[in-house]
Amino acid sequence: MARIGGLFTSVTASLLLSYYFIPPFYRLTIAAGNNLIALVVLVVVGLTVASVVDLAARQSRRVA
């Protein structure tokens with residue numbers, strides 16, 4: 001379940017980052033390929049962190 005939340009959060013964050021901080025500003029278009037790579041990395045890192053947190057939560061519930 002945490003993976004779904006992590007996916008939603010990372011995709012939302014990458015869209016907001018693209019909209020506000022990547023030229024052309026205030027549009028969801030990406031002019032440079034490097035910026036697209038950065039957004040994909042942001043989503044992958046978000047999913048990885050969500051998976052690790054989910055795994056840690058499951059293990060702590062199993063131990064308790």
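The following dialogue explains how to read several features of this predicted model.

Visitor: Which conventions apply to this model?

Guide: The model is predicted: local features need pLDDT of at least 70, side-chain atom pairs count only at pLDDT 80 or more, and totals for chains, interfaces and linings use all residues. Residues are numbered from 1 along each chain as its sequence is written, and side-chain values use heavy atoms, with hydrogens and water left out.

Visitor: How many helices and strands does the chain have?

Guide: Helices (H or I, at least four residues) and strands (E, at least two) are DSSP runs, numbered from the N terminus. Here the chain has 2 helices and 0 strands. Its radius of gyration, taken over C-alpha atoms, is 15 Å, well over the 11 Å that the globule rule (2.2 Å times the number of residues to the power 0.38) gives for 64 residues, so the chain is more spread out than a compact globule. Along the principal axes, the C-alpha atoms fill a box of roughly 50 × 20 × 15 Å.

Visitor: Is Leu 39 buried or exposed?

Guide: Buried means under 20% relative accessible area, exposed over 50%, and partly exposed in between (1.4 Å probe, protein chains only). Leu 39, in helix α2 (residues 33-63), counts as buried because its relative accessibility is 8%. Across the chain, buried residues make up 14% of the 64 residues.

Visitor: Which residues does Leu 39 touch?

Guide: Contact means heavy atoms within 4.5 Å. Leaving aside residues up to four places away in sequence, Leu 39 touches Ser 14, Leu 17, Ser 18, Ile 22 and Ile 30. In the chain, residues 24 or more positions apart account for 50% of the contacts with a separation of 6 or more.

Visitor: What does the side chain of Ser 10 reach?

Guide: The side chain of Ser 10 reaches the backbone oxygen of Gly 6 at 2.9 Å. Ser 10 belongs to helix α1 (residues 2-21) and is buried, because its relative accessible area is 5%. Beyond four places in sequence, Ser 10 touches Leu 42, Val 43, Gly 46 and Leu 47.

Visitor: Which helix gives the most to the nonpolar patch?

Guide: Helix α1 gives the most, with 8 residues. One of the residues in helix α1 is Val 11, which is partly exposed at a relative accessible area of 34%.

Key. A polar contact is a pair of N or O atoms within 3.5 Å; within protein, one must be able to donate a hydrogen and the other to accept it, and residues adjacent in sequence count only if both atoms are side-chain atoms.
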